[in-house]
Amino acid sequence: MTRGRFLSAVAAVCSASLLALAGGSSAAPVPKGAGGETPDLKVFFDTVGKAVKNENWPTDAEEKLLRETAEKIFERTLKVAKQDERKLPVEFDKLKKVDVSKEFRGERLGVGKEFKGERLDGKYVIAGDVRIKNTKGSVIFASGKVEFIAAENCVIFAQDIRGIALSSCLVVAGDYIQLAGAEEESVLIAGRWIRSDNMGDGICHVIRPGKLPAPDEKPNGNKSHPAIRINNVATTIFLNAPDDVRLERPLKCEFFPLKMPIAK
């Protein structure tokens, strides 16, 4: 399905009651054997930050930790959401590494602190911040923020992630995810907030839900702000309680609030 057709279809979704949706929710423990020890995002981002600071690719042990963190989070999420097991949307061994000590040098790229580009296909990038127009089949690990127009079949980790169109990706933010639309079985996990205009088939989870406004939002008197807010949503699975989610025009959603964390 093209992005245009997807957005049109989702925009035409009929309204439904969140109360009715919440009736089908149930607490879901993280199953035994789902990736072993709980992945630690602080350790993950500290490892990425160390590589960026030193302008050197991570050691074999550090790179193994980064890769296993992504694999464990993906595996645990699918199991809790009662989805069939599948591989990550990219194969790490087939990617070309973008060396933070060489290819980042120069004023345009900012000596390892920032990566900019038009397209990023089949690459493995570790950086402070990443600004890219289109990316496909790539892994992006950033200690700061990632901004993109379109991402397909990618694995993206950063503290703050903002994009337009997302398809078949694993996206994990330490704090905040903001999108125009996500489709085709994308998995979105954020530390504190997820915001999207549209969401198709996929999974959403906020690790530490609260009631404070997201970075782009103003306080609204004494009213609380949901951890997850999506306008047009189709058959999405939420690994949070219904009270943590605000949906403007839902169609068919499921809620599986967790007893144990997918990541910490």
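In the predicted model, K82 is located in the loop that connects α4 to β1 (96-98). The backbone of K82 adopts a positive phi of about 60°, although K82 is not a glycine. The residue is exposed, its relative accessible area being 59%. A positive phi also occurs at N153, another residue other than glycine, where the value is near 50°. N153 belongs to the loop between β6 (145-152) and β7 (155-167). With a relative accessibility of 25%, N153 is classed as partly exposed.

For the protein chain as a whole, the assignment of secondary structure gives 4 helices and 15 strands. The chain comprises 264 residues, of which 50% are classed as buried. Among the contacts with a sequence separation of 6 or more, 43% are formed by residues 24 or more positions apart. The accessible surface of the chain amounts to about 12,400 Å². Carbon and sulfur atoms contribute 49% of this surface.

The packing of two helices is described by the angle between their axes together with the distance between the axes. For helix α3 (residues 41-54) and helix α4 (residues 60-80), the angle is about 140° and the axes are 10 Å apart. The crossing of α3 past α4 is left-handed. On the α3 side, the contact is formed by L41, V43, F44, T47, V48 and K50; on the α4 side, the partners are E62, L65, L66, T69 and I73. Classified by residue type, this contact of α3 with α4 contains 7 nonpolar, 2 polar and 2 charged residues.

K123 is found in strand β3, which spans residues 123-127. At a relative accessibility of 25%, K123 is classed as partly exposed. Although K123 and K94 are separated by 29 residues in sequence, their C-alpha atoms lie 8.7 Å apart in space. Apart from neighbours within four places in sequence, the contacts of K123 comprise L95, K96, V98, G137, S138 and V139.

Finally, the cysteines were inspected for covalent links. A disulfide is a covalent bond joining the sulfur atoms of two cysteines. The structure contains 0 disulfides. For C169, the closest cysteine sulfur is that of C154, at a distance of 4.7 Å. The two sulfur atoms are therefore too far from each other for a bond, given the cut-off of 2.5 Å. C169 is also buried, with a relative accessibility of 2%. The sulfur of C204 has its closest cysteine sulfur in C253, at 9.1 Å, and because of this distance a bond is likewise excluded. The relative accessible area of C204 is 0%, and C204 is accordingly classed as buried.

Definitions and conventions. Residues are numbered from 1 along each chain as its sequence is written. This is a predicted model: local features need pLDDT of at least 70, side-chain atom pairs count only at pLDDT 80 or more; totals for chains, interfaces and linings use all residues. Side-chain values use heavy atoms; hydrogens and water are left out. Helices (H or I, at least four residues) and strands (E, at least two) are DSSP runs, numbered from the N terminus. Buried means under 20% relative accessible area, exposed over 50%, partly exposed in between (1.4 Å probe, protein chains only). Contact means heavy atoms within 4.5 Å. Accessible areas come from the Shrake-Rupley method with a 1.4 Å probe; for residues, only the protein chains shown count as cover. Axes are lines fitted to C-alpha atoms, for helices over the stretch in contact, and angles run from 0 to 180 degrees between N-to-C directions. A crossing is left-handed if the near helix is turned anticlockwise from the far one by less than a right angle, and right-handed if clockwise. Ala, Val, Leu, Ile, Met, Phe, Trp, Tyr, Cys and Pro count as nonpolar, Asp, Glu, Lys and Arg as charged, and the others, Gly among them, as polar.
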